[in-house]
Structures are given as structure tokens and as C-alpha cells.
Amino acid sequence: MTGLRGSGEAVPGDYVYFKSVVPLHKISIGSKLWRYYDFGPKAVQPLICIPGIAGTADVYYKQIMSLSMKGYRVISIDVPQVWNHHEWVHSFEKFLDSMNIHHVHIYGTSLGGFLAQIFAQQRPRRVKSLVLSNTFLETHKFAAAMPWSPVVNWTPSFLLKRYLLTGIQDGPQEPFIADSVDFVVGQVETLSREDLSSRLMLNVNVASVGSLSLPDCFITVMD
């Protein structure tokens with residue numbers, strides 16, 4: 001996934017270069033540990049990137065580098081260990097408060113897009129716009145497809161990882177997509193059993209997104 005010059009020097013745009021110039025932050029807020037990157041000018045309203053169920057803050061490294069060079073502030077987060085959507089909204093609001101951030105633009109993929117919509121529904125005054133990719137409006141189908149969710153907290157880590165990655169590598173893919181898939185698979189290996197369990201619970205806790213107060217012109221859906 002990462003590229004190096006012949007001398008071994010990291011080149012702008014690759015993951016090694018990103019890690020060399022963008023620091024990883026970790027802060028504890030209450031009982032929650034937040035892991036995130038924050039890059040770009042602090043005077044502008046940030047774009048918060050929320051990854052999917054198998055992603056981490058690192059998966060947006062190309063967006064962080066590209067957008068920051070255009071004058072945007074990008075904050076990419078790991079979803080902390082929260083176990084229901086109410087806890088997510090409360091924890092995410094505390095995270096924003098701790099950074100003195102009042103208004104945000106949110107980009108979410110898959111589960112991250114669902115959590116972005118839940119937050120926008122519950123805290124409409126804080127969300128200025130949404131960008132959503134490969135996401136959903138309700139979790140009923142996921143809950144029906146995972147009847148073993150009551151025992152997810154006792155499921156071994158390797159089984160949780162296998163479940164998360166089922167189907168992610170199926171079929172032929174363009175080289176850049178294959179590289180991205182490999183990167184995500186590598187990131188899943190960094191997640192603890194508790195990280196995996198909490199994300200799966202967020203994915204199967206039965207809920208749906210109601211109407212949002214954001215005008216349609218401030219919601220972008222990417223296929």
C-alpha cells in the first residue's frame with residue numbers, strides 16, 4: 001500500500017510519509033479512549049471522518065493529506081468502545097467539547113455513515129453537512145443476520161475478525177481497490193476483541209435514522 005523511493009525515502013501521499021508528518025493523538029474522556037488524527041488549519045470548521053466497522057482512523061490518511069493541503073482541517077477518528085447509539089452520541093459530543101469544536105462537517109462510510117446520521121439527528125445544531133458513502137438508514141437486516149449477537153462479548157477475537165472480513169475480498173478488483181482492501185485487512189488486525197465487539201453491537205442494535213433537519217443541499221451521498 002505504501003510506496004518508497006529507491007533510496008527508501010517515503011514519498012508524499014503514501015502511508016509511511018503520512019505517519020512521519022501527522023501525529024496520532026490519544027485522549028481519555030471519561031471511560032473512553034479516543035484515538036485520532038487532527039491535521040490542517042485549526043481556525044476552520046473541521047471535517048470529521050468516521051470509518052466503517054472494519055476501519056480505523058488510519059484508513060483516511062490520503063484524504064487527510066490531500067484536503068489539508070487545500071486548507072481544510074481533517075480529524076479522522078477511531079470509534080471508541082461504545083455499546084449503543086445513545087452512548088455513541090453522548091461520547092462523540094464530549095469528544096467535540098473537549099477539543100472546543102462547536103460545529104462540524106462529517107464524512108462517514110458504512111457504519112461510520114450511520115453513526116454520523118444518528119448524531120446529526122440527535123444534535124442537529126452541531127452538524128453543518130454530511131458526506132455519506134456506502135452507508136445505511138437502519139440496522140434491522142444486520143441484526144437478523146447475526147442471531148449470535150447476545151454472545152458477541154464472549155466470542156474469540158479471531159472469530160470476530162473472520163466475521164468482519166467475510167466477503168470483503170471477494171471477486172476481481174482493480175489494483176488500487178485491492179491495495180485499499182489489503183490496507184483495511186491490516187488495520188482490522190490492530191483492533192482488540194473489545195473494539196470488534198463494540199462495533200458489531202453498534203451495527204446490530206436495532207435502530208433507524210429518522211428525518212434530518214439538514215437541507216438536502218448539505219447532504220452528499222457517494223456511491
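This is a predicted model: local features need pLDDT of at least 70, side-chain atom pairs count only at pLDDT 80 or more; totals for chains, interfaces and linings use all residues.
Me: Why is the aromatic pair of phenylalanine 18 and tyrosine 61 called tilted?
Reply: The ring centres are 5.7 Å apart and the planes make 45°. Rings of Phe, Tyr and Trp (its six-membered ring) pair if their centres lie within 6.5 Å; planes under 30 degrees apart are stacked and those over 60 edge-to-face, so the rest, this pair included, are tilted.

Me: Which parts does this pair tie together?
Reply: Phenylalanine 18 belongs to helix H1 (residues 15-21) and tyrosine 61 to helix H2 (residues 61-68), so the pair links parts 43 residues apart in sequence. Helices are DSSP runs (H or I, at least four residues), as are strands (E, at least two), both numbered from the N terminus.

Me: Why is proline 124 called partly exposed?
Reply: Its relative accessible area is 34%, which lies between the limits for buried and exposed, so the intermediate class applies. Proline 124 is located in the loop between H4 and E6.

Me: How do you know that proline 124 is in contact with Phe119 and Ser213?
Reply: Contact requires heavy atoms within 4.5 Å. Leaving aside neighbours within four places in sequence, proline 124 meets this condition with Phe119 and Ser213.

Me: What makes helix H8 mostly covered?
Reply: Ten of the twelve residues of H8 are buried, among them Leu196, Leu200 and Val204.

Me: How does the length of H8 compare with the expected span?
Reply: H8 (residues 193-204) reaches 17 Å from its first C-alpha to its last, close to the 16 Å expected. The expected span is 1.5 Å times one less than the number of residues.

Me: Why are strands E1 and E7 called edge strands?
Reply: Seven strands form an open sheet in the order E1-E2-E4-E3-E5-E6-E7. Strands E1 (24-29) and E7 (219-222) each pair on one side only.

Me: How do you know that E6 and E7 pair?
Reply: Pairing requires that DSSP finds at least two bridges between two strands. E6 (residues 127-133) and E7 have four bridges, in the parallel sense, so they qualify as a pair.

Notes
Residues are numbered from 1 along each chain as its sequence is written. Side-chain values use heavy atoms; hydrogens and water are left out. Buried means under 20% relative accessible area, exposed over 50%, partly exposed in between (1.4 Å probe, protein chains only).
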